[in-house]
Amino acid sequence: MADRTTMRTSTALRRSFGVAPELRRGLVATLVLAVIGTGLQIVVPVVLQQVIDSEILGSAAVDTASVTRRGLIALGAVVIAMGARYLSLRRLVVSSASGLAQLRVITFRHLHRLSLLDLQSERRGALVARVTSDIETMQQFMEWGGMGMILGFSQVLLAAVVMLFYSWQLSLVVLAGVVIYTLLIVYFQRVLGRAHDRVRERVSDSLAVTGEAISGLQTVRAYGMEDVVKGRVDETLDRQFSAEVRTAILASSLFSSAELFAGALTAVVIGVGVVFGADWGLSAGALVAFLFLVNLLVDPIQRLVETLDQAQSAGAGLRKILAILDTEVLIKDPVGGVELPEHGIGVRFDRVTFAYPGGPDVLHDVSVDVLPGQRVAVVGETGSGKTTFAKLATRLLVPSSGVVEIGGVQIDQVRFGSLRSTVAFVPQEGFLFDGTIAENVAYGRPGVTDADARRAFDDLGLAVWIDSMPDGVRTNVGERGSNLSAGERQLVAITRAWIADPRLLVLDEATSAVDPALEVQIRRAIEYLTEGRTSVTIAHRLATAEASERVLVFDEGAIVEDGSHAALLALDGVYASLHRDWEGAVTSG
Ligand SMILES: Nc1ncnc2c1ncn2[C@@H]1O[C@H](COP(=O)(O)OP(=O)(O)OP(=O)(O)O)[C@@H](O)[C@H]1O
Ligand SMILES: [Mg+2]
């Protein structure tokens, strides 16, 4: 089962203790309490045996005082055992919750630091979800399974030892029964596990179908497909329901037969004990004690088998998390990093080649020198490498070979703080966080007030637009900015960059279509924003390219043309043809 190539559980545990020391805090005391909690349970059968053998069946008359004393001892033991178990469980829950919280923070921080190169955004989303569920699994195990396992194992062990002490022959009978019982439970668990898998499949089927039906509601209505969709939804929900019912019936019949078997085992012990007890030197008290011990021994087995499964998935989760922590961070704040100069921030690419992990080269040998203060537009077909170029220029990606320089400094030598205060990147789909417009603008520079944000919109010629929003800068943008249109989101992202006041601006124009009135405002805002700074604007619009002093034309990952708008038109090459397409789109649209 355990893959030889993966980390051993003990190693994984040791490492997780190293990463999140909270996990280990007070663990020894917790274990001691747990063992006391189970050990004391053995007192009851032992006291019972003594009372029966020496008092009830003994030669002398029953000594009430001594029976009472022994009864009180048994009672005390049970109370202390319960207390110890409770305390150990509570301690484990607390330490595992804080330890796993620590692990979660560390893992997410690491995920955050991993560059775009290590993790593509969609994979990152999936990873975040996976880490969350992995830690959830571990937490469930630690809180419910982990202690149960420790208690269960020590209970089985202790009961077995005391049994052996009373009669090894009868112990063998019990052992044979317990082995069969365990195999039975393991088999049941398998059958049930498959049934649960089927239920999970059905649940995700119906989630997918219902989710699609809801998110595609408009299309469904527009094409009059309601009945078809309703039929599909009903059918998947029905299938989920019957899978759930079948599993529930299966579970209850399996567990009843397990209980039946445990009962039968007790009966066998009584029968064998009565018939052979005298030959084996088994006293009546010991036989009664045996019955209790059988119970103590069989009782935790079902839970143990269940938690073994849980333990395996918890271990797998732990290994996956450690693997994430082992992924090296490629984009690091350089030790002894350099501050960028106040002036003269240009960007230079020297024979830069880049490939996404496991993919082909998407930029080939790109060399270009964007001079300080230059307003540059980057154009090219979709997929030609423009966004990749922009990310390399802002150190969101690292070249496979070649060098990127900014302000005359090799970009990986620049201190993060300096890089951030100098360079702003407005991504193609400017990400907005759930909150107000002003809060989103304030991501550009901490400490920005609503009034500052309002003024920034004013500076960019967007006063009319911002005043048309229901609450001005206090308007909530919704999750990922869903209350705003794509063009409006871009306006907020531009204003965010303006507030950051960078000396180098890298802007990836949104590709999505924007209504013409907003289009004009975006263009004007970009012009204000790029005024007097070095800027690299990836242009998807004719006007943006026309307004810049230099145009870089990308084709299949290489810069194929470089010059002014007029010069490139005269050249009648790739740019001229792109330009003709754009003009066609503008006049026909
Ligand atoms: N995260 C990624 N992982 C792997 N390949 C990628 C990734 N992002 C882009 N690519 C590939 O790299 C190439 C360049 O993509 P890039 O996004 O830089 O193009 P683009 O010029 O910005 O296109 P668009 O005009 O559509 O924005 C494409 O072939 C693309 O498929
Ligand atoms: Mg792009």
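Visitor: Is Arg351 exposed or buried, and how many C-beta neighbours does Arg351 have inside 10 Å?

Guide: Burial here is a neighbour count: 20 or more other C-beta atoms within 10 Å of a residue's own make it buried, 12 or fewer make it exposed, and counts in between make it partly exposed, with C-beta atoms placed from the backbone. Arg351 has 12 such neighbours, so Arg351 counts as exposed. Before we go on, note that this is a predicted model, in which local features need pLDDT of at least 70, side-chain atom pairs count only at pLDDT 80 or more, and totals for chains, interfaces and linings use all residues. Residues are numbered from 1 along each chain as its sequence is written, while chains are lettered from A and ligands numbered from 1 in the order in which they are written.

Visitor: What is the phi of Arg351, and where does Arg351 lie?

Guide: Most residues other than glycine have a negative phi. Arg351 has a positive value near 50 degrees, and Arg351 lies in strand β1 (residues 347-355). Strands (E, at least two residues) and helices (H or I, at least four) are DSSP runs, numbered from the N terminus. Asp501 is not a glycine either, and has a positive phi of about 50 degrees. Asp501 sits in the loop between α15 and β7 and is partly exposed, with 15 other C-beta atoms within 10 Å.

Visitor: In which order do the 4 strands of the antiparallel open sheet stand?

Guide: Two strands pair if DSSP finds at least two bridges between them. The order in this sheet is β2-β1-β4-β5. At its edges stand β2 (361-370) and β5 (409-410), each with a single partner strand, so one side of each has no neighbour in the sheet. Strand β4 (residues 401-406) is joined to β5 by 2 bridges, and Ile406 has Val409 as its bridge partner in β5.

Visitor: What is the order of the open sheet of 6 strands?

Guide: That order is β6-β7-β8-β3-β9-β10, and the pairing is mixed. Its edge strands, β6 (423-426) and β10 (558-563), each pair on one side only. β6 pairs with β7 (residues 504-508) in the parallel sense over 4 bridges; Leu505 in β7 is the bridge partner of Ala424.

Visitor: Which helix packs on this sheet, touching β3, β6, β7, β8 and β9?

Guide: Contact means that two residues have C-beta atoms, placed from the backbone, within 7 Å. Helix α10 (residues 386-393) is the one that packs there. α10 also gives the most to the shell around ligand 1, with 3 residues.

Visitor: How many residues surround ligand 1, and which are the closest?

Guide: A residue is near a molecule if its C-beta atom, placed from the backbone, lies within 6 Å of it. By that test 14 residues surround ligand 1, and the closest are Tyr356, Thr382, Lys386, Thr387 and Thr388.

Visitor: Which residues of helix α13 are buried?

Guide: An α-helix has 3.6 residues a turn, so residues three or four places apart point the same way. In α13 (residues 450-459), the buried ones are Ala453, Arg454, Ala456 and Phe457. They lie on the same side of α13 because they cover an arc of only 155 degrees around the axis, taken from the directions from the helix axis to the C-beta atoms. Their cover includes α12 (437-441), α14 (463-468) and α15 (486-500). Just after α13, Gly461 has a positive phi of about 75 degrees.

Definitions and conventions:
Axes fitted to C-alpha atoms, helices over the stretch in contact; angles between N-to-C directions.
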